[in-house]
Amino acid sequence: MITGIGAGIALLQGYGAGSQAAHPSFGTTAIRRTQPPNIILILVDDMGIGDVSCYRHTASSLPPTPNIDRLAAEGIRFTNYYSAAPICSPSRVALTTGLVAGKWNITSFLAERKHNRTCEQADFLDVSAPSVARQLKTAGYATAHFGKWHMGGGRDVANAPGINQYGFDEYASTWESPDPDPLLTSTDWIWAKTDSIKRWNRTAYFVDKTLEFLKRNPGKPCYINLWPDDVHTPWVPDETTLADHPKGTEKPREFRLVLAELDKQIGRLMTGLQTLGIDQNTLVVFTSDNGALPTFEGDRSGIYRGSKLSLYEGGIRMPFIVRYPAQTPKGLTDNKSVLCATDLFPTFLSLAGQKPAKTGDGINAAAILLGKPNVRPVPIFWEYGRNDISFRYPAGRDRSPNLAMRQGQWKLLTNDNGSGTELYNLAIDPSEKNDVSAQEPSLVSTMKAKLLAWRKALPATTVPATPEKPKPGRIR
């Protein structure tokens, strides 16, 4: 039983691992759909597609994820969903704004000001940027963010806007935010022995916060970011690890414990929704911000090449599961639709009954999320790596060119100077083993021209003119 969490304990009594055997499915509560759906976006930090057992194609040393698998069994499992970047901050910015993060001058993970200058990027997401939470508030939604933020604030960046300025009524976040929750951050670092909520209890804490927020807002739809960070290294799954490895580890044993705990908390969340009587009209979206690192010799990337920091599939093709009992079919696998994180902004607005603006980089995929697969009408573009000083790619064959594009079944990669061009037919070579650029010169020419034109059209990089006085802190 989880102890020491505080919020939501009374609501969640009896929802431990032992109760799951009595519930072969999460179930649904028959309620009338009298309002737009609650929307819970679960964005796991650094989860590879191979971390989720229902996405594994081969034998794996990783533990099963029965609760996440159950989400897929009771909803839709998508096999062609992409994050908008192979690293944290730009992928989250794109998801939040519906726009490529380069348009907001964010190209890598946000850290201290010196790092941000070297990466040729801003210190935080401009508060004038579109925000899906802010838009949903205008549609009558109560909004909350529980979990990692990493779109500005922390380290020596003291002037980042508060999370509420992006449209959130309530929030509780970690060290990488403008206003960390003091129960999670007793020191100026990711975790400490003195934290009231230990690192291994964070996801439980955020689940409690989510359910308690829903319970307090029964008369209006809710939009909640549930963004746990436990899967990000270094791993600290228990007291023993903290005692033996005060800075955490990157070893398989500790990862297996972290993954199992995350899966357990997904089960608690879904059981809590059922107890509240709102699971039928709640859209739960489960995905990751970017690929895994370390991958344990590719195990965490599944059949895909690459990892976090790479534009090969292992860095950007993510698990994506949708469960919405009032509207979606059960047990469907969608192998046809190609989706991207920038699609979620217009899609959520559409599902909330609003008309999405036509100025974003994504498509309205509402019908797809409701179980109607469709061919993507536009390509997806990526960039990662504006200079060789600040962008540390994976070594060897996982180091990708710094631009990529998917159009239909084809994936083209190239550097922004036109060198290092590769082409893959993902329909027959999803592992990107066979570069066929030499066999498809006409296609390469057409796609490469589009990709380089897209990159050239991104705004020139700018950085804040007035530096701040640094404050002590370590880099993550």
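Q: How many helices and strands make up the secondary structure of the protein chain?
A: The model is predicted, and local features need pLDDT of at least 70. Within the protein chain, the secondary structure comes to twelve helices and 13 strands.

Q: What percentage of the 476 residues of the protein chain count as buried?
A: Buried means under 20% relative accessible area. The accessible surface of the protein chain is about 17900 Å², with 53% of that belonging to carbon and sulfur atoms. Of the 476 residues, the buried ones make up 61%.

Q: What share of the contacts with a separation of 6 or more comes from residues 24 or more positions apart?
A: A contact means heavy atoms within 4.5 Å. Among contacts in the protein chain with a separation of 6 or more, residues 24 or more positions apart account for 72%.

Q: Which residue forms a salt bridge with Lys137?
A: The closest N and O atoms of this pair are 2.5 Å apart. Lys137 sits in helix H5, and its partner lies 32 residues away, in the loop between strand E3 and strand E4. At 35% relative accessibility, Lys137 counts as partly exposed.

Q: Are Asp229 and Arg199 buried or exposed?
A: Asp229 and Arg199 form a salt bridge, with the closest N and O atoms 3.3 Å apart. Asp229 is in the loop between strand E5 and helix H7, while Arg199 is in the loop between E4 and helix H6, 30 residues apart. Both Asp229 and Arg199 are buried.

Q: What is the relative accessible area of Arg323?
A: The side chains of Arg323 and Asp279 meet in a salt bridge at 3.9 Å, N to O. This pair links distant parts of the chain, with Asp279 in the loop between helix H8 and strand E6 and Arg323 in strand E7. Asp279 counts as buried because its relative accessibility is 1%. Arg323 is also buried, and its relative accessible area is 2%.

Q: How many salt bridges does the count come to?
A: The rule asks for a side-chain nitrogen of Lys or Arg within 4 Å of a carboxyl oxygen of Asp or Glu. Some of the bridges share partners, joining Asp45, Arg92, Lys148, Arg155, Glu176 and Asp289 into one network. By this rule the count is 27.

Q: Which strand gives the most to the lining of the largest cavity?
A: There are five cavities of 30 Å³ or more, and the largest has about 90 Å³ of space. Its lining includes Ala84, Pro90, Ala94, Ile106 and Trp382. Helix H3 and strand E10 each supply at least two lining residues. With three residues, the strand that gives the most is E10.

Q: Why is H3 largely enclosed by the rest of the structure?
A: Its buried residues include Cys88, Arg92, Leu95 and Thr97. Strand E1, H5, E5 and H10 are among the elements that cover them. H3 is largely enclosed because the buried residues number ten of ten.

Q: Which residue follows H3 with a positive phi?
A: H3 spans residues 88–97. The phi of the residue that follows is positive, near 75 degrees, and that residue is Gly98.

Q: Which residues does Ala365 touch, not counting those up to four places away in sequence?
A: Ala365 is found in the loop between H10 and helix H11. At 1% relative accessibility, Ala365 counts as buried. Its C-alpha atom is separated by 9.2 Å from that of Ser337, 28 residues apart along the chain. The residues that Ala365 touches are Leu339 and Thr347.

How values were computed: Residues numbered from 1 in each chain as written. Predicted model: local features only at pLDDT ≥ 70, side-chain atom pairs only at ≥ 80, totals over all residues. Heavy atoms only, no water. Helix = DSSP H or I, 4+ residues; strand = E, 2+ residues; numbered from the N terminus. Buried < 20%, exposed > 50% of the residue type's maximum accessible area, 1.4 Å probe, protein only. Areas by Shrake-Rupley, 256 points an atom, 1.4 Å probe, with all protein chains shown as cover. 1 Å grid on protein atoms, 1.4 Å probe; cavity = no way out; pocket = protein on both sides within 12 Å on 5 of 7 lines; lining within 4 Å. Points joined across faces, edges and corners; volume = space filled by probe spheres on them.
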